[in-house]
Amino acid sequence: MGSEYSSTIAAIVQELEARRPLPPLVPQNDWNSDLTNRIQGVSVDELFDGQAVKDDTFGVSVKSGLLLWNDALDVSHKISQKIEGQTGSYWHGIMHRREPDYSNAKYWFRRAGAHAIFPALREQVLALIEERSNHASGLADYASAIQQKTDWDAFQFVDWCQDAARALDENVVEFLKATQVEEIKLLLAYSYQRAIA
């Protein structure tokens with residue numbers, strides 16, 4: 001579900017993809033406050049470099065997603081709580097999961113339902129496990145749980161993130177962080193494509 005982003009969005013995505021370490025499951029503050037200000041300071045039209053945004057809901061979703069990836073939870077939340085529909089509920093759910101407010105996250109994931117990115121996310125996560133299999137034997141249970149279902153389980157991922165707060169194996173936490181990034185990237189690409197389609 002790749003995407004040819006506008007140059008403004010592509011530059012932000014490139015900066016966020018280069019983050020090391022990966023974004024925490026529960027951030028304490030913005031990763032880069034200057035980046036938060038830059039994203040906040042541009043309109044959706046400017047973000048899309050004047051490209052015709054045919055669905056404002058998805059255009060705003062892109063802005064919310066970029067802020068969320070930058071760990072600007074409060075700012076992202078102000079946007080996502082006003083976004084109607086399945087994708088807005090999904091962004092809202094991710095924000096609450098990272099807050100962390102796990103029961104509220106599940107409420108929003110229930111509202112989102114089975115999202116179109118789920119099949120691709122499930123495959124991406126299985127590939128992440130495969131890449132890490134030599135380094136983290138603790139991932140076998142995660143692989144088994146994912147393989148037993150035909151689709152991605154957002155509720156199970158909330159539970160795994162909640163369990164991570166109990167000092168799981170560092171390799172498992174890194175896997176969960178990488179999964180979170182893949183989820184954000186796929187939802188961002190989906191939002192972008194729907195904004196311009």
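## Two cis peptide bonds

Pro21 is found in the loop between α1 and α2 (33-40); helices (H or I, at least four residues) and strands (E, at least two) are DSSP runs, numbered from the N terminus. A cis peptide bond joins Arg20 to Pro21, with omega about 0°. The peptide bond from Glu99 to Pro100 is also cis, and its omega is near -5°. Pro100 lies in the loop between α6 (86-98) and α7 (102-112).

## Basis of the model

This is a predicted model, in which local features need pLDDT of at least 70 and side-chain atom pairs count only at pLDDT 80 or more, while totals for chains, interfaces and linings use all residues. Residues are numbered from 1 along each chain as its sequence is written, and side-chain values use heavy atoms, with hydrogens and water left out.

## Overall fold

The chain contains 11 helices and zero strands. Its C-alpha atoms fill a box of roughly 50 × 30 × 30 Å, taken along the principal axes. The radius of gyration is taken over C-alpha atoms, and the globule rule is 2.2 Å times the number of residues to the power 0.38. For 197 residues, a compact globule would have a radius of gyration near 16 Å, and the chain agrees with its 16 Å.

Contact means heavy atoms within 4.5 Å. Among contacts in the chain between residues at least 6 apart in sequence, 72% join residues at least 24 apart.

Buried residues make up 51% of the 197 residues in the chain; buried means under 20% relative accessible area, exposed over 50%, and partly exposed in between (1.4 Å probe, protein chains only). A nonpolar core is a set of buried Ala, Val, Leu, Ile, Met, Phe, Trp, Tyr and Cys residues joined through side-chain atoms within 4.5 Å. The largest such core has 65 residues, of which Ile9, Phe48, Leu66, Tyr90, Trp152 and Leu176 touch the most other members. Helix α11 (residues 170-196) supplies the largest share of this core, 15 residues.

When residues up to four places away in sequence are not counted, Leu176 touches Leu25, Tyr142, Phe157, Trp160, Ala164 and Leu168.

Gln180 is found in helix α11. This residue counts as buried because its relative accessibility is 1%. Apart from neighbours within four places in sequence, Gln180 is in contact with Pro23, Pro24, Leu25, Arg97, Arg98 and Phe157.

Gln156 lies in helix α10 (residues 154-164) and is buried, with a relative accessible area of 18%. Leaving aside neighbours within four places in sequence, Gln156 is in contact with Ala145 and Lys149. Gln156 and Ala105 are 51 residues apart along the chain, and their C-alpha atoms are separated by 11 Å. Gln14, by contrast, is exposed, with a relative accessible area of 58%; Gln14 lies in helix α1 (residues 7-17). From Gln14 to Val26 the separation is 12 residues in sequence and 22 Å in space, C-alpha to C-alpha.

## Two aspartates with positive phi

Asp49 lies in the loop between α3 (44-47) and α4 (56-69). Its phi is near 55°, a positive value in a residue other than glycine. Asp49 is partly exposed, with a relative accessible area of 38%.

Asp71 is found in the loop between α4 and α5 (73-80). Although Asp71 is not a glycine, its phi is positive, at about 70°. Asp71 is buried, with a relative accessible area of 4%.
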